[in-house]
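Please look at the model below.

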Amino acid sequence: MTRKSGFRTYDPLRARLLLLCGLLVVSIVAMSLLSPYFLQASTVPYLLQYVPILGLLGLGQTLVILAGGPGIDLSVGSIMSLVGVAVGALFAAGIDIWTACAIGVAAGAGLGLVNGLLVNVLRIPSLMATLATMFAFGGLALATTMGQPVGGFPPEFAWLGQGHTLGLPNAFLFVLLPVAVVLHVMLTGTTIGRHIIAAGNDDRAAHLSGLNVVRIRIGLYVLSGVLSALGSIIAMSWFLAARPDAGKGMELLAVTIAVLGGTHIFGGTGGIPGTIVAILVVTTLQIGLQLANISAAWQLGLIGLLLIASVSSVAGWRMPKRGKI
Amino acid sequence: MTSAADPRPALRMVSATASREVALVIAILTVGAVFAIASPYFLTTNNLVQTLRAGLELAIVAAGMTLVIIMGGIDVSVGGILAVSAIVIGKAYQAGLPAYAVAPLGLLAGTALGTFNGFVTTKLKVPPIIATLGSMYVFSAIMFLVIGGAWISGLPSTLSPMVNGWIGFVPASALVIAVVYLGAWIVLSKLPFGNHIYAIGCNEQSARLVGINVDRTKILTYAFLGFLAGLAALLYVARLRNVEINIGTTIALEAIAATILGGTNIRGGVGSLLGTLLGVVFIRIMQNGLVLTGVSSLWETVIIGSLLVVVLTADSLRNRNNPRAQ
């Protein structure tokens with residue numbers, strides 16, 4: 001039951017989803033015109049190869065922003081880098097790679113918990129708190145490895161990041177897709193989902209109606225940390241190495257995707273499908289421009305303009321909400 | 001209007017950050033003493049002047065960032081503004097323009113990009129973090145498109161005295177910083193405009209209700225930060241005489257860190273330029289000292305990040321019972 005299901009008039013999320021699908025079609029057509037290599041069957045798995053890592057970070061970001069506060073998590077890229085380095089160190093110490101990954105996921109949860117406590121218990125604005133941890137976590141990943149990648153993972157570890165099943169990348173099929181479905185069901189079909197949206201809509205009202213808003217938001221930061229760790233594992237499996245700067249710049253892309261997907265920056269409105277289609281749009285643009293041999297600069301510029309345009313009041317449907325970020 | 005022009009709130013804000021300034025002075029002296037013992041080279045005139053020159057751009061950008069944050073905004077795109085302005089300066093030099101024509105162009109470019117940020121946050125109503133995030137992408141795109149992967153190098157040294165010169169016993173770079181901070185202080189503490197900035201940071205709605213032109217104040221403040229980023233670009237070119245591709249990548253985050261370390265409240269309404277300047281000094285002395293004592297410079301980021309966590313936590317615990325901080 002979505003909030004507005006009773007009214008058949010105007011659902012901002014559905015409108016955004018339609019807009020994004022239109023944008024996706026337009027970018028696919030534009031990219032096919034730009035590059036003869038784009039419209040091939042082989043492009044699909046190639047494109048989907050890029051989607052899972054960014055997708056996981058974007059989904060975590062979506063939920064953190066959705067729960068309001070206003071929440072944001074700028075440290076996801078740094079968590080990715082730091083978890084990678086930690087898994088690399090554990091593997092070098094002789095621990096089985098999959099066990100090391102499991103510990104890495106736990107570490108991601110721990111780092112997310114740090115963010116959650118800073119923002120929700122100490123009440124430091126999320127922007128500042130996660131900017132600080134972005135420095136701290138990312139710096140730690142670089143400093144402990146002296147900037148060198150940690151490598152030597154066994155070839156069978158590549159199954160997740162390089163392998164394909166039924167023509168689709170394993171990371172997409174076995175990680176991103178299930179995670180997205182689970183999160184979507186959680187958000188739209190369970191009490192927890194309703195609580196998250198209630199907290200984002202009006203935390204005072206949510207608190208007065210008996211919800212533990214602080215616990216919900218901490219939980220979502222932990223979830224964001226876990227999803228970043230999963231992204232890190234996919235990246236390691238793809239390159240068979242842990243780069244200490246693996247997540248550099250990813251936090252900004254993750255925020256971009258969540259907001260582009262229709263999640264309101266102050267919380268309360270948003271959903272998983274929008275984020276997923278937004279990732280497809282951004283990735284299509286990136287891959288298409290890359291195939292057409294157009295410089296990376298255009299990708300950046302286009303993403304920036306898309307971001308500004310999608311949040312600006314010109315986009316129409318946004319209601320004024322209080323809060324600053 | 002009269003209540004907004006009342007100087008009393010501004011005075012109270014200054015005292016609210018005084019203890020932070022004292023703490024920073026003590027921290028700077030302590031860290032300085034440790035480095036002076038650890039490295040004989042640290043406390044030499046040469047090293048201190050070099051550190052001052054290397055901190056020039058950060059100090060200037062941080063002054064503007066302080067005003068923006070006091071106003072309740074933020075700008076993560078200043079690195080991009082600095083880079084684009086530096087490219088304008090470099091290209092103007094290459095086109096054969098003399099320094100007195102190049103300098104205004106650089107300042108103009110910075111101001112224009114800052115105005116763009118102000119426009120997006122006010123007229124298009126995009127929250128500042130998202131607006132400047134987007135414009136950061138756009139500005140880096142402009143930079144890449146103009147210079148690609150190449151450096152602009154071998155620029156003339158006509159502007160270098162601004163950074164490297166001496167006026168009597170005073171390094172010119174110290175004078176530049178003094179002038180910028182004096183100017184920013186006059187804007188913030190002596191002009192009604194500064195009170196408007198504080199008022200907007202305290203409560204935008206109330207500021208609007210007492211008749212402050214909020215949108216105009218915001219646009220002008222972002223433009224002022226852009227102007228200072230243009231000035232920083234000028235000094236960067238004067239100092240290094242080239243424009244490289246990774247120019248300005250960390251300066252936004254460092255400037256935000258220095259501002260917060262200096263006691264400016266990230267929620268707006270409270271802040272001090274003196275604190276920011278001390279924050280910049282602290283960050284640069286840390287960096288210089290780490291290099292001199294042989295600690296990898298990679299630890300810088302960890303230290304700045306952890307320090308921010310500690311300071312923010314301390315602030316938050318101290319303000320526990322202050323309803324404004326919630």
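What pLDDT does chain B average? Chain B of this predicted model averages a pLDDT of 86, and 93% of the residues score at least 70. Here pLDDT is the predictor's confidence in each residue, from 0 to 100. Helices are DSSP runs (H or I, at least four residues), numbered from the N terminus.

| Confidence in chain B | Helix | Mean pLDDT |
|---|---|---|
| Lowest | helix 1 (residues 2-5) | 44 |
| Highest | helix 5 (residues 56-70) | 95 |

Over residues 1-7 of chain B the pLDDT is below 50. Where pLDDT is low, the predicted coordinates should not be read in detail. For the complex, the predictor gives an ipTM of 0.78 and a pTM of 0.84.

Residues are numbered from 1 along each chain as its sequence is written, and chains are lettered from A in the order in which they are written. Local features need pLDDT of at least 70, side-chain atom pairs count only at pLDDT 80 or more, and side-chain values use heavy atoms, without hydrogens and water.

Now turn to chain A. Helix 13 (residues 296-311) of chain A has 16 residues. Its buried residues (under 20% relative accessible area, 1.4 Å probe, protein chains only) include Ala297(A), Ile303(A) and Leu307(A). Their cover includes helix 12 (272-291) of chain A and helix 7 (99-122) of chain B.

Back in chain B, Arg284(B) sits in helix 15 (residues 273-292). Arg284(B) is buried, with a relative accessible area of 15%. Not counting residues up to four places away in sequence, Arg284(B) touches Thr51(B), Ala54(B), Gly55(B), Leu58(B) and Glu254(B); contact means heavy atoms within 4.5 Å.

Key: Helix = DSSP H or I, 4+ residues; strand = E, 2+ residues; numbered from the N terminus. Expected span 1.5 Å × (residues − 1). Buried < 20%, exposed > 50% of the residue type's maximum accessible area, 1.4 Å probe, protein only.
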